[in-house]
Amino acid sequence: MASAVLSRALFAHRIFHSLSSSSSPSRLFVSSLSAKRPFHSRFVSSRLGYKIPGSVSCCMSSAAVASHASFSTQYLSVNDPVVSVDWLHANLRGPDVKLCRVFQAIDQVLDASWYMPDEKRNPLQEYQLPHMLPSEEAFAAAVSALGIENKDGLVVYDGKGIFSAARVWWMFRVFGHDRIWVLDGGLPRWRASGFDVESSASSDAILKASAASEAIEKVYQGQRVGPITFQTCFRPHLIWSLEQVLKNIEEQTHQHVDARSKARFDGAAPEPRKGIRSGHVPSSKCIPFAQMLDGSQTLLPADELKKRFEQEGISLDRPVITSCGTGVTACILALGLHRLGQTDVPVYDGSWTEWGANPDTPVASSQE
């Protein structure tokens with residue numbers, strides 16, 4: 001991405017960074033899956049705002065990720081990607097790990113808030129990160145340090161409603177974990193429902209966040225980490241590269257849907273990042289991510305979502321690939337499509353920041 005932008009929502013996009021208050025940012029370089037350019041990300045801790053009780057932020061990639069109180073997800077379906085705040089409130093339990101292990105559901109709630117630079121949130125650290133997804137080893141090490149295991153069910157939320165949390169949901173799925181849900185409406189909906197919130201992180205959560213950051217550094221320095229409690233199973237069909245998108249322009253195996261605003265898609269509005277051309281990938285269509293949500297920032301019901309896609313000529317009987325500016329809001333389209341039964345929607349991880357910065361990629365625009 002470009003300067004001063006959280007390089008991808010959540011820990012879903014790059015590596016985890018620590019929740020520590022260290023003023024000197026460390027730089028970590030991650031093995032690439034697609035993009036070839038440098039990125040600048042910012043992390044905002046939930047300590048700067050409010051969060052659901054029991055949560056603490058440990059950032060994973062460009063977002064804050066939190067370890068929370070335990071609850072049971074054993075009866076949740078993975079066919080619907082969201083859970084309501086009422087369900088979460090009713091199912092939150094005290095952090096009795098043994099009891100939860102008996103039910104095979106040591107569950108976590110993750111805070112995946114992400115903010116743009118013009119929102120004037122003060123990040124704890126800044127990073128210069130060159131690529132998108134972290135390696136499987138780095139992901140497994142950081143998730144394990146947070147105390148997350150493969151049998152766990154996870155609920156992820158953010159401070160906007162449904163925004164960057166969708167990126168975390170997608171990232172866990174890329175690495176083989178289906179037992180993850182987005183909190184519908186996120187923290188705003190939780191607060192509007194009158195449920196308790198906290199404004200500080202526990203010492204245990206901060207220690208876990210620090211351990212996750214250290215684990216990442218060790219992985220990329222070739223050092224041993226452990227114990228590993230989370231085993232990844234990479235699903236390459238859920239992430240697309242620039243080369244795949246370029247090939248799709250000719251072959252049209254997938255319908256390409258862009259989650260950016262119509263003005264940016266048409267090239268009528270400049271990109272917010274310097275050095276990025278305006279316009280869109282030829283043959284792609286635009287459905288701004290906000291059209292997936294209602295006024296309270298919760299995911300629309302299936303019939304309404306279906307209308308949004310059909311109005312733009314998207315057939316739900318054919319495969320879809322999603323993109324956006326940086327790979328964050330494309331995951332909201334994937335979330336909506338998941339509710340409609342399209343559970344294997346790939347995301348173009350480099351998205352427009354990669355495509356628009358490459359002088360050799362074709363660009364279409366309504367301004368031509």
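Predicted model: local features only at pLDDT ≥ 70, side-chain atom pairs only at ≥ 80, totals over all residues.

Student: How do I describe two packed helices?

Tutor: You give the angle between their axes and the distance between the axes. Axes here are lines fitted to C-alpha atoms, for helices over the stretch in contact, and angles run from 0 to 180 degrees between N-to-C directions. Helices are DSSP runs (H or I, at least four residues), as are strands (E, at least two), numbered from the N terminus.

Student: So at what angle do α10 and α11 pack?

Tutor: About 120°, with the axes of α10 (residues 302-311) and α11 (residues 330-339) 9 Å apart. That makes the two helices oblique to each other; under 35 degrees counts as roughly parallel, over 145 as roughly antiparallel, 65 to 115 as roughly perpendicular and the rest as oblique.

Student: Which residues meet there?

Tutor: Ala 302, Leu 305 and Phe 309 from α10 meet Leu 333, Gly 336, Leu 337 and Arg 339 from α11. Contact means heavy atoms within 4.5 Å.

Student: Is α5 buried or exposed?

Tutor: Buried means under 20% relative accessible area, exposed over 50%, and partly exposed in between (1.4 Å probe, protein chains only). In α5 (residues 165-174), 10 of the 10 residues are buried, so the helix is largely enclosed by the rest of the structure. Among them are Trp 169, Trp 170 and Arg 173. Just after α5, Gly 176 takes a positive phi of about 95°.

Student: Where is His 280?

Tutor: Look in the loop between α9 (262-266) and β12 (285-286). His 280 counts as buried, at 10% relative accessibility. A polar atom of the His 280 side chain lies 2.7 Å from the backbone oxygen of Phe 265. Leaving aside neighbours within four places in sequence, His 280 is in contact with residues including Asp 258, Trp 352 and Ser 365.

Student: And what about Val 225?

Tutor: Val 225 sits in the loop between α7 (203-220) and β10 (239-240), and is partly exposed, with a relative accessible area of 29%. Not counting residues up to four places away in sequence, Val 225 touches Ala 141, Ala 215, Lys 218 and Val 219.

Notes. Residues numbered from 1 in each chain as written. Heavy atoms only, no water. Polar contact = N/O pair within 3.5 Å; in protein donor to acceptor, adjacent residues only side chain to side chain.
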